[in-house]
Amino acid sequence: MRDERAGPPRVRIAVIGSSRVGKSALIVRYLTRRYIGEYHSNTDLLYKQTVPINGMPVELEVIDVSGSNTDKFPAEQIQWADACLLVYSVTDRSSFEYATEVLNTLKKNPPQGSPAHGSTSATMPLALLGNKTDLDHLRQVPTKEGQAMSQAHGASFSEASVADNSGDLYRCVDRLLADVRLPQRTRKFSVTKMLGSLIGTTTNSSGTSRSGSVVACPRVPAPSRPPLAAAAP
Ligand SMILES: Nc1nc2c(ncn2[C@@H]2O[C@H](COP(=O)(O)OP(=O)(O)OP(=O)(O)O)[C@@H](O)[C@H]2O)c(=O)[nH]1
Ligand SMILES: [Mg+2]
């Protein structure tokens, strides 16, 4: 068994949003710079990749929470994560309403920052991202509404087009990662089942190697924090 303390620190992000808003496209774009047009999945997927943050390698784990099951609040995934990225499509008002619903629930039951981050009181970093700005002619959610919603919930706000590879999507994720104080390796659980390697090894502009995999993750490992009280809507 691998000595987990020997590796780089680990950061876990949950990407949450309605179906078809572009969560999978966004994650794959961020990790590989590639655009995958169709990537529908009925189950959560877990991506693991070593990425540089402030020049230091960090083992990034991203859970792509399937949007097929939005009637169930993703409490387990949020408990598992160090930070959450809420995605909606600017062309789909109902997806904005779902993101709002999740933010409202989180406001009522704020998940705490991990004790392993050095504090028990810090709240979890949150980001709200409006995707598909390339489809501005179909826009249903004005930028101002997204801004106001994020401010009301203490989340950072961005709009981006994953299709157009806009720089804002990288800045959004980078800022979220920077907001997470790096946890110790021992805090959380290992991934249970690796089904195959999908994301190849790439090298970023700073020359740091990125290697990764995608893991089908029908359910996340047991939470390391107490469950969110009354997390269900
Ligand atoms: N025009 C446009 N289409 C996008 C953009 N991002 C994603 N899409 C498309 O939107 C569709 C849904 O993208 P996915 O990444 O599968 O969406 P998802 O949120 O993962 O959906 P689920 O897996 O069902 O929860 C796909 O056809 C993507 O090609 C974007 O920025 N602009
Ligand atoms: Mg998906």
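Trainee: What gives the most to the shell around ligand 1?

Mentor: That's α1, with 3 residues. Helices here are DSSP runs of H or I with at least four residues, strands are runs of E with at least two, and both are numbered from the N terminus. This is a predicted model, where local features need pLDDT of at least 70, side-chain atom pairs count only at pLDDT 80 or more, and totals for chains, interfaces and linings use all residues. Residues are numbered from 1 along each chain as written, while chains are lettered from A and ligands numbered from 1 in the order written.

Trainee: What makes a residue part of the shell around ligand 1?

Mentor: Its C-beta atom, placed from the backbone, has to lie within 6 Å of the molecule. For ligand 1, 23 residues surround it, and the closest are Ser 19, Gly 22, Ser 24, Gly 67 and Ala 163.

Trainee: Why are some residues of α5 called buried?

Mentor: Because buried means 20 or more other C-beta atoms within 10 Å of the residue's own (12 or fewer is exposed, in between is partly exposed; C-beta atoms are placed from the backbone). On α5, Leu 169, Cys 172, Val 173, Leu 176 and Leu 177 are the buried ones. Seen down the axis, they fall within an arc of 130 degrees, so they line one face of the helix. That arc uses the directions from the helix axis to the C-beta atoms.
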